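Have the viewer open as you read.

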Amino acid sequence: MDILQVKDLKKYFSSQKAVDSISFRLGKGSIFGLLGPNGAGKTTLIRMITGIFYPDEGEILFEERPFNPVKDIVHIGYMPEERGLYKKMKIGEQAVYLAQLKGLSKQEATRKVKEWFVKFEMQTWWNKKVEDLSKGMGQKLQFVTTVLHEPRLIILDEPFSGLDPVNSNLIKDQIHTLARKGSTIIFSTHRMEQVEEICDHIILVNRGQKILDGSVAGVKQQFKENLFSIGLEDANTGPPPAADAFEVVGSKEGALIVKIQDGHRPNDVLSYFISKGRNITAFTEILPSLNDIFIRLVEGTPLARQFAPVTA
Amino acid sequence: MNKTWLITRREYSTRVRNKTFLLSTFLLPLMVIVFIVGSVLIASQGHSRHRVAVMDANGYFKDYLRGDSAISFGFSADLDTTNYAEKGYTAMLIIPVLPEKQKTVYRLKYKKQLGLAAAADLESRIDNAIVDHMIYQKTSISRSMLDSIRKSSHIAQMKSFEDNGKVAKASSQGASTAVGYVSGILIYMLTFIYGAAVMRGVMEEKTNRIAEVIVSSVKPFQLMMGKITGIGAVGLTQFLLWVIFLFGLMIFAQMLVPHDVLKEVQQLQQANAMGTPTAMPASETAQKVYQATGFLNSPNWGLILTCFLFYFIGGYLFYSALFAAVGSAVNEDIQEAQSLMLPITMPVIFSFFIMTIAVQDPGGQLATWASIIPFSSPIVMMARIPFGVPGTVPWWQLGLSMALLVAGFIFTVWMAGKIYRTGILLYGKKPTWKTMWKWAFKA
């Protein structure tokens, strides 16, 4: 079942097309990366999914029914990039309050907050104020308040900013646990290595449009350049090998990087080296990193959005 | 549970538990008292003493012009226009020969203006002197008789009654003016204090970046309304505390009055209610207490309190919504807020000035219209109501004013909601009034 389906979503502001006809669907229980350069329209897209903005055009289906911002909002947990808390309010009270706003009763909210505080070793914070917390501690609290009401869809915008590696891992583990329990997670970030580590599926938006959509493995396959690393004994001795099947594009310690030409297969490379009597120690395909793909797709387009007048 | 209610409760409880709430609850009445006592003191200081030198070509003003502590006269022959100031006089009056049946101009010279009231006083003293002189000249009345008539003729005193059909009720211009003035000032101060609190609250949510977290759970309009109603409830609580405080003071004051005096006061009240003159002479203390209770009893407190609550809530909603809109549009910078606040604070300050006129002339055109238009009605109408409904303020005016205020705050809340929705999530440069207008009416 799709938890979320977005069809031809459009949101135009007076100076730009923030979201210009974006469609995608999102299966239940997946961890989904929403990528894009600054100003690509990610936040606007998320704000429409969370019911903060109404789309100008298009349709959002939540659990295969038309999205009802008032009713469905309790099943969504959103941690915006621009996030904060009431500085003067006590932490326990504040977490309970935010959970109540998500529709939990006071007793239930209190019970859940206590549970999560134990899980994150935050029990002693209850009567402290937010202004007494470090930035990282604040982020942890923010994460707790986002997922406390067990939302079916969790949207995290740059969740790791300001967190040290230990706390990052703590949150990463929780994201995986939540996904295993059936929550779907949309994860928006610029940090590609985190996306590769966490996400199953990505979409890339740029200038208000979707330019890429697929599983992480599928996208890497789609953008692979037929590069292989072939480990050889004495890799860097002798004249560079030459054949129709491939081209040497680089070398590493004990290995050559080769690009297989169109119409040839990896076996052709292996048979070439075997026929030359070389000893092969390793042979692996080099897939592009998401970072490379991101840069390749986005580079060349104006990075900061130009404020072009909308001609729709 | 309703989400607006949750927000209202949070706003209310965090504010009421705050020390500044307690502090302002006790400081504000003190400030009002200081303000009123101060302005009364300044007003009484205004009655300065004037010494007027007189150069009289007729010769009789010396005998008939009456001086007292406010204005005294000097008739020395060596006084002239060049030396009166050195001799300690504030002004010089030059009266030429005044032939009968002909208007003649006399002149007043001064270095410093006397002021309107003193000039009018001086003029009437001169007229009286001429009348006295003529009576003495043209009748056979003796000088001493004339003087004694002048002295002993102040025997009538006006007592005003508000005529509302069935029963005429004793009313006091002084009490009405005071109550009107205090109500007006209170509404003015409460509008500013709580309007600004709403604005700061909205700015806090925006700069703390909690706004987007909250609006992913509730509608922006609910967040705005929750804040407005929560802070409004704090204002009502504060007002209620003041009323309780005031009643406590009154009961305490009554306990201080001895029992027999209280009895006399009751007799006075009964006598007055039956319209009979007092049978037995009351003691001076009883008279004073009676006057004081009369002062407190004369305005229609039930109506005033009800209207006060209505106009406080109405005016608060009307202006706090606008303050919320401004708060949502600006960023951290309080200076930005100030420039955007100006169009909101101007009408409030303007209403205050109209209010000071309205307590002088509660039935005037300016007061009437200003008490009907929602921008100024909360402050100005509260200044008029103590003068009597439906006497000074006809029912239709009160009804129209209330209806327009309700329509007014529905409109400002609606408009502010639209500005707020866009503004609260927008960081960056300060919007102009033009862009805010677009958010309100085009988005």
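**Notes on a two-chain model**

1. Let's start with strand S3 of chain B, residues 91-95. Since 4 of its 5 residues are buried, the strand is largely enclosed by the rest of the structure. Do keep in mind throughout that this is a predicted model.

2. What does S3(B) pair with? On the one hand there is strand S1 of chain B (residues 50-56), which runs parallel to S3(B) and is joined to it by 5 bridges. On the other there is strand S4 of chain B (residues 107-110), paired with S3(B) in the antiparallel sense over 4 bridges. Ala91(B) is a handy landmark here: in S3(B) it stands opposite Val52(B), and it also stands opposite Tyr110(B) in S4(B).

3. Now hop over to chain A and look for helix H4, residues 106-119. Its 14 residues reach 20 Å from the first C-alpha to the last, close to the 20 Å expected at 1.5 Å a residue.

4. Which residues of H4(A) are buried? They include Ala109(A), Val113(A) and Phe117(A). Looking down the axis, you'll see the buried residues of H4(A) fall within an arc of 65°, so they line one face of the helix. Their packing partner is helix H3 of chain A, residues 91-101.

5. The contact takes 16 residues from chain A and 14 residues from chain B. On the chain A side, H3(A) supplies the largest share, 3 residues. Sorted by class, that side of chain A has 9 nonpolar, 3 polar and 4 charged residues.

6. Finally, the cores. The largest nonpolar core has 134 residues, and the members touching the most others are Ile155(A), Ala321(B), Ala324(B) and Val326(B). Helix H11 of chain B (residues 301-329) gives the most to this core, with 15 residues. There's also a second, separate core of 17 residues, among them Met55(B), Tyr64(B), Met92(B) and Leu93(B).

7. What does Ala324(B) touch, not counting residues up to four places away in sequence? Its contacts are Val198(B), Met199(B), Val202(B), Met224(B), Lys227(B), Ile228(B), Ala416(B) and Tyr420(B).

How values were computed
Residues are numbered from 1 along each chain as its sequence is written. Chains are lettered from A and ligands numbered from 1 in the order in which they are written. This is a predicted model: local features need pLDDT of at least 70, side-chain atom pairs count only at pLDDT 80 or more; totals for chains, interfaces and linings use all residues. A nonpolar core is a set of buried Ala, Val, Leu, Ile, Met, Phe, Trp, Tyr and Cys residues joined through C-beta atoms within 7 Å. A residue is buried if 20 or more other C-beta atoms lie within 10 Å of its own, exposed if 12 or fewer, and partly exposed in between; C-beta atoms are placed from the backbone. Helices (H or I, at least four residues) and strands (E, at least two) are DSSP runs, numbered from the N terminus. Two residues are in contact if their C-beta atoms, placed from the backbone, lie within 7 Å. The expected span of a helix is 1.5 Å times one less than its number of residues. The arc is that of the directions from the helix axis to the C-beta atoms. Two strands pair if DSSP finds at least two bridges between them. Ala, Val, Leu, Ile, Met, Phe, Trp, Tyr, Cys and Pro count as nonpolar, Asp, Glu, Lys and Arg as charged, and the others, Gly among them, as polar.
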